[in-house]
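Okay, thanks everyone, let's get going.

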Amino acid sequence: MADPTPEKKEKPEVEGEGERPVRVYADGIYDLFHFGHARSLEQAKKSFPNTYLLVGCCNDEVTHKYKGKTVMTEAERYESLRHCKWVDEVIPDAPWVLTKEFLDKHKIDFVAHDSLPYADASGAGKDVYEFVKSIGKFKETKRTEGISTSDIIMRIVKDYNQYVMRNLARGYTRKDLGVSYVKEKRLRVNMRLKTLQDNMKKQREKVEEKLQTVAKLQYAA
């Protein structure tokens, strides 16, 4: 006689509801770590109810070769990631292009990144995520508009003189900032002129405020 007790079907562990968490991998450069980075990692972490998030970060040698100079060193970028609450594990010296061997080594179930093709500067393919997309292990995340490492660097470049003046005022030397003697003197003159202009503006505003007060009193009388 058949057992009347219905057989329990086990849910696939990859759904993140069993004992084993789903191992999701995200990677990048993470230079000048900002809230756009954090939001993408939050999305990756929340891909499944039970997710273990591994984050790979490329070292300086690979990054400078394929993408360009970074502001932060590899050690600083690794440490920034370790302090992000969504990250369970940081993988230093991450590869530029993912391979089956790398996924198998770290038991990665899915790779999370935004869906735009990421040009493969190494020449291995058109998109560094081409392989994981082809085997159905790609999880799309959304970019945060209005913030990126390039945007932050652009702000600094745009207002370069102001930031040099700011750091000179805080005790940095021209040698620290890579500024010539002539440029330092010119910037210091500009600093004094700006301070003078600001003080004159404040005095003018005070005088105008007093005149308005006197005018109101005379009108009331």
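So, how much space lies in the largest pocket? About 840 Å³. Lining residues have an atom within 4 Å of a point. Points are joined across faces, edges and corners, and the volume is the space filled by probe spheres set on them.

Quick housekeeping. This is a predicted model, so local features need pLDDT of at least 70 and side-chain atom pairs count only at pLDDT 80 or more, while totals for chains, interfaces and linings use all residues. Residues are numbered from 1 along each chain as its sequence is written, and side-chain values use heavy atoms, with hydrogens and water left out.

The largest share, 5 residues, comes from α1. When I say helix or strand, I mean DSSP runs, H or I over at least four residues for helices and E over at least two for strands, numbered from the N terminus.

Now the sheet. It's open, with 5 strands in the order β3-β2-β1-β4-β5, paired in parallel. Pairing here needs at least two DSSP bridges between the strands. β3 (89-91) and β5 (138-141) are at the edges with a single partner strand each, so one side of each has no neighbour in the sheet. On average, neighbouring strands are turned by 30° against each other, ignoring direction.

Let's walk through some pairs. β1, residues 22-28, and β2, residues 51-57, run parallel and share 7 bridges; Asp 27 is partnered there with Gly 56 in β2. Then β4 and β5 pair in the parallel sense over 4 bridges, with His 113 opposite Glu 140 in β5.

Is β4 mostly covered or mostly open? Mostly covered: 5 of its 5 residues are buried. Buried means under 20% relative accessible area, exposed means over 50%, and partly exposed is in between, with a 1.4 Å probe and protein chains only. In a regular strand, side chains alternate between the two faces of the sheet. Here, Phe 110, Ala 112 and Asp 114 point one way, and Val 111 and His 113 point the other.

What lies across this sheet? Helix α1 (35-45) lies across β1, β2, β4 and β5, at about 140° to β2. Helix α3 (74-82) goes across β2 and β3, at about 165° to β2. Those angles run from 0 to 180 degrees between N-to-C directions, using lines fitted to C-alpha atoms, for helices over the stretch in contact. Contact means heavy atoms within 4.5 Å. In α1, the buried residues are Gly 36, His 37, Ala 38, Leu 41, Ala 44 and Lys 45, and their cover includes β1, β2, α3, β4, β5 and α6.

A few loop residues next. Most residues other than glycine have a negative phi. Tyr 30, in the loop between β1 and α1, has phi near 55°, and at 6% relative accessibility it counts as buried. Asp 93 also has a positive phi, about 55°, but it is partly exposed at 48%, in the loop between β3 and α4 (100-105).

Tyr 129 is in the loop between β4 and α5 (130-134), and is buried at 5%. Leaving out residues up to four places away in sequence, Tyr 129 touches Asp 27, Leu 98, Val 111, His 113, Tyr 118 and Phe 138.

How many disulfides does the structure hold? It holds 0, where a disulfide needs two cysteine sulfur atoms within 2.5 Å. For Cys 57, the nearest cysteine sulfur is that of Cys 58, 6.6 Å away. Cys 57 is buried at 0%, and Cys 58 is buried at 4%.

Definitions and conventions. On a 1 Å grid over the protein atoms alone, a cavity is a set of points where a 1.4 Å probe fits but cannot get out, and a pocket is an open set with protein on both sides within 12 Å along at least five of seven lines; lining residues have an atom within 4 Å of a point.
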